[in-house]
Amino acid sequence: MYVTDRRAVRTAARALVLPIALAALAVAAPRAAAHTELDRSSPGANAELAGLPPRVTLTFSDAMTEEYAKVAVTSPDGKSAASGEPRVSGKTVTLALAPTSRAGRYMVGYRIVSADGHPVSGS
């Protein structure tokens, strides 16, 4: 009877080792760095405005660096509507717009580098 008890203990121990090891790895493993995402924009996507705003503001999930934050605003005739370079303040990137731009549909595009070093782009 002693042999049977030892086998049962060994079998139970083997059956518990893998789940315990996996649980320990899941708790101890560092979280993977996520890509930066666009949280909000002003004006918002598909907004209909009475006139051209003075600037476009994009707010991301992580802080940006001016060196790696690129924003472009294209007017209906395909030309740049930007007035200057993007300015970065923490998680926010702002691009001033030329007041002489004409009415119509504008496209805002961005390309930034996320905290984990991967480029992220969108429009």
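Trainee: Which residues form the covered face of strand S5, residues 92-96?

Mentor: This is a predicted model. In a regular strand, side chains alternate between the two faces of the sheet. In S5 the uncovered face holds Thr 92, Thr 94 and Ala 96. The covered face holds Val 93 and Leu 95.

Trainee: Which residue stands opposite Leu 95 in S5?

Mentor: Strand S2, residues 55-60, pairs with S5 in the antiparallel sense over 5 bridges. The residue opposite Leu 95 is Val 56.

Trainee: Where does a positive phi occur in the hairpin of S4 and S5?

Mentor: Strand S4, residues 87-89, is antiparallel to S5, with 3 bridges between them, and Val 88 stands opposite Val 93. The hairpin has 2 residues between its strands. The turn residue with a positive phi, about 65°, is Gly 90.

Trainee: How much space lies in the largest pocket, and which residues are the closest to its centre?

Mentor: The space in the largest pocket is about 780 Å³. Its lining has 28 residues. The closest to the centre are Gly 44, Asn 46, Ala 47, Tyr 106 and Val 108.

Trainee: Which element gives the most to the lining of the largest pocket?

Mentor: Strand S1 (38-42), S2 and strand S6 (107-113) each give two or more residues to this lining. The one that gives the most, with 3 residues, is S6.

Trainee: How many residues of that lining are charged?

Mentor: The lining includes 17 nonpolar and 8 polar residues. The number of charged residues is 3.

Terms used
Residues are numbered from 1 along each chain as its sequence is written. This is a predicted model: local features need pLDDT of at least 70, side-chain atom pairs count only at pLDDT 80 or more; totals for chains, interfaces and linings use all residues. Side-chain values use heavy atoms; hydrogens and water are left out. Buried means under 20% relative accessible area, exposed over 50%, partly exposed in between (1.4 Å probe, protein chains only). Helices (H or I, at least four residues) and strands (E, at least two) are DSSP runs, numbered from the N terminus. Two strands pair if DSSP finds at least two bridges between them. On a 1 Å grid over the protein atoms alone, a cavity is a set of points where a 1.4 Å probe fits but cannot get out, and a pocket is an open set with protein on both sides within 12 Å along at least five of seven lines; lining residues have an atom within 4 Å of a point. Grid points are joined across faces, edges and corners, and a volume is the space filled by probe spheres set on the points. Ala, Val, Leu, Ile, Met, Phe, Trp, Tyr, Cys and Pro count as nonpolar, Asp, Glu, Lys and Arg as charged, and the others, Gly among them, as polar.
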